[in-house]
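Q: I would like to learn how to read the features of a model like this one. Can we take them one by one?

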Amino acid sequence: MGESVIGAWIAAFLTLGILTFLYKDNVIYKISEAIFIGVSAGYWFITLFWDNLYRKFWVVGIEGGQWELWGGIILGVMMLCRLSRKIGWIARWPMSFIIGAVAGLYMMLYFTSNAMVQIRSTISNLTESVNVGDPYYIIGNIVVAAGTFSGLVYFYFSKEHKGVFGATAKVGIWFIMVTFGAAFGYTVMSRMSLLIGRIDFLLSDWLKLIS
Amino acid sequence: MKKLIAPVIIVVVILLLYFVVPKPLEFSPVTSTIILSLIGLALVAMLILTIAGKMIGRRTVFIFIAVALTLPFMMNFKMPIRITPEVQSLYDALEQLPAGSKVLAAYDFDPPSAPELQPMADAFMTYAFKKDLRVIIMGLWPQGPQQAQLSIEAALEDKEVAAKNLQYGVDYVNLGFQAGNEFVIQRMGSAFRGMFARDSKDTPYDDIPLLKGVENFSNIDFVMNFSAGKPGTQEWVQIAVDRFGVTLGAGNTAVQAPGMYPFLKGGQLVGLLGGMSGGAEFELVTGEPGKAAGFMLSQSCAHVVVIAFILIGNVAMLLARKKK
């Protein structure tokens, strides 16, 4: 019996073990779950250890003499101080550095990519569509612009949702619900795809029922 | 004793399937039609039972989904698949690349998302090699570069690709994983070498022929990102596209895809492959029907069952409301 056959049987056992949860919680499910989590955590640890600590810190930082990496190394060591109650406060320094750096980067990135570019494209697509002259394109862009506007109105709570403002907000909630519906449809497809992947494994790699 | 009945039945079924059932198992179109009709009739029966006031247990739903997903694997039907504009535009953008163009393929996913993303990634790699594109692979997820290795192996199984006798380091290179999430992309904007001093085989950056002259994004003709979450396509758009002006195409899990459409509409993405259906479309548009296209019948059957149970669930809810 080759290695691949043994591997397939183990993988099949674990796959079926996880699926047994659909019937009810049981010991085989718990074993399979624990193995999955343990293997994943072990893999991440080994990868990060060799890629970061060995290749970056040891090979490049120490053996390669790139001292600019020492800033990161020192911050990393400071982070580990969290493990001690006495000197745990030292970990706040690298944490504040990370939060500050990420906040600074994100503020600019989100404002540009997720706000300004989106506003520009919503408006410019609307004006461009008139020039293109394709009715479907024009209607599509009007729907996008109307959905964006009414959706924003729905989230404006400083004014009571009454009259024209309230009607616009109601249209907004319909757009939001359609969006959630589309997202749900995609989520169903995603979950089914994952199950298809496992069934494909069971039928083709393990049982060899399909070619 | 009762507790042992279910496990024993499962073991017996597995042994029968493994040792007795003839392989490969394939249903004729007539048998397939009969099976699909039976599933449809069973769903109608479920609806009638619900209307009659008998509630369906969750395990019944699971059984229906399992049957609807599994049996189509053995059916000899071909699903008609329509190529959507977002997939077509990605293909068109790739088609415009001349042979020898440098393409950065970022594999930002891991095995749990592989059923959705691996088929499209394999199709992309095969297409890129056939078109003589030079592929530079990297990953912001630890297992990403390994998934890329699987794509390379799948692509090399293709006769046309195998005949090209592609060489590692000349035609493609795997730079491996780099920790740091979006900051890696940010740093690559000024110097790739700063993030990837060595490739996954430990070869120094400057000793890799393919990377000669590749300093930053300005030396890359196209970036293709396969993403299952964060860091992923959004970060590539925010930094690589909006800051450094790269041309980006993306393949996303279906959960993530709706969130990427605004970027497509905004011109920040040239094309998008959304989930398994996006992968199937890409396989077809490149002329290489593969796993994703083959899975679409199962996917569609499962969707019909889910929609049917949504309807049945709503009927049950309305009846319960009426009783109150």
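A: The term needs a side-chain nitrogen of Lys or Arg within 4 Å of a carboxyl oxygen of Asp or Glu. The model is predicted: local features need pLDDT of at least 70, side-chain atom pairs count only at pLDDT 80 or more, and totals for chains, interfaces and linings use all residues. Residues are numbered from 1 along each chain as its sequence is written, chains are lettered from A and ligands numbered from 1 in the order written, and side-chain values use heavy atoms, without hydrogens and water.

Q: Which residue meets A:Asp51 in a salt bridge?
A: Side chains of opposite charge can pair when their charged atoms come close. Here the partner of A:Asp51 is A:Arg55, at 3.5 Å from N to O. Both residues lie in helix H2 (residues 27–63) of chain A. They are four residues apart, about one turn of the helix.

Q: How many salt bridges does the rule find across the interface of chain B and chain A?
A: Two. The search of the whole structure, over all chains, finds 14.

Q: What area do chain B and chain A bury between them?
A: The size of an interface is often given as the accessible area lost when the parts come together. Chain B and chain A bury about 5100 Å², with 66% of it on carbon and sulfur atoms. This value is the loss of accessible area (1.4 Å probe), summed over both parts. The contact (heavy atoms within 4.5 Å) takes 64 residues from chain B and 54 residues from chain A.

Q: At what angle do helix H6 of chain A and H13(B) pack?
A: Begin with the terms. Helices (H or I, at least four residues) and strands (E, at least two) are DSSP runs, numbered from the N terminus. Axes are lines fitted to C-alpha atoms, for helices over the stretch in contact, and angles run from 0 to 180 degrees between N-to-C directions. H6(A), residues 163–206, packs on H13(B) at about 125°, with the axes 9 Å apart. The two helices are therefore oblique to each other. The classes are roughly parallel under 35 degrees, roughly antiparallel over 145, roughly perpendicular from 65 to 115, and oblique for the rest. The crossing of H6(A) and H13(B) is right-handed. Right-handed means that the near helix is turned clockwise from the far one by less than a right angle; anticlockwise gives left-handed.

Q: Which residues make that contact between H6(A) and H13(B)?
A: Among them are A:Phe184, A:Met192 and A:Ile196 of H6(A), and B:Phe295, B:His303 and B:Ile310 of H13(B). By class there are nine nonpolar, four polar and two charged residues. Ala, Val, Leu, Ile, Met, Phe, Trp, Tyr, Cys and Pro count as nonpolar, Asp, Glu, Lys and Arg as charged, and the others, Gly among them, as polar.

Q: How far apart are the axes of H12(B) and H13(B)?
A: They are 7 Å apart, at an angle of about 135°. H12(B) spans residues 275–285 and H13(B) spans residues 291–323. This pair is therefore oblique, and its crossing is left-handed. The contact includes B:Met276 and B:Glu283 of H12(B), and B:Phe295 and B:Gln299 of H13(B).

Q: Where are the cis peptide bonds of B:Pro24 and B:Pro231?
A: B:Lys23 and B:Pro24 are joined by a cis bond, with omega about -5°. B:Pro24 sits in the loop between helix H1 (2–20) and helix H2 (29–51) of chain B. Another cis bond joins B:Lys230 and B:Pro231, with omega about -5°. B:Pro231 is in the loop between strand S4 (222–227) and helix H10 (233–241) of chain B.

Key. Buried area = accessible area lost by both parts, 1.4 Å probe.
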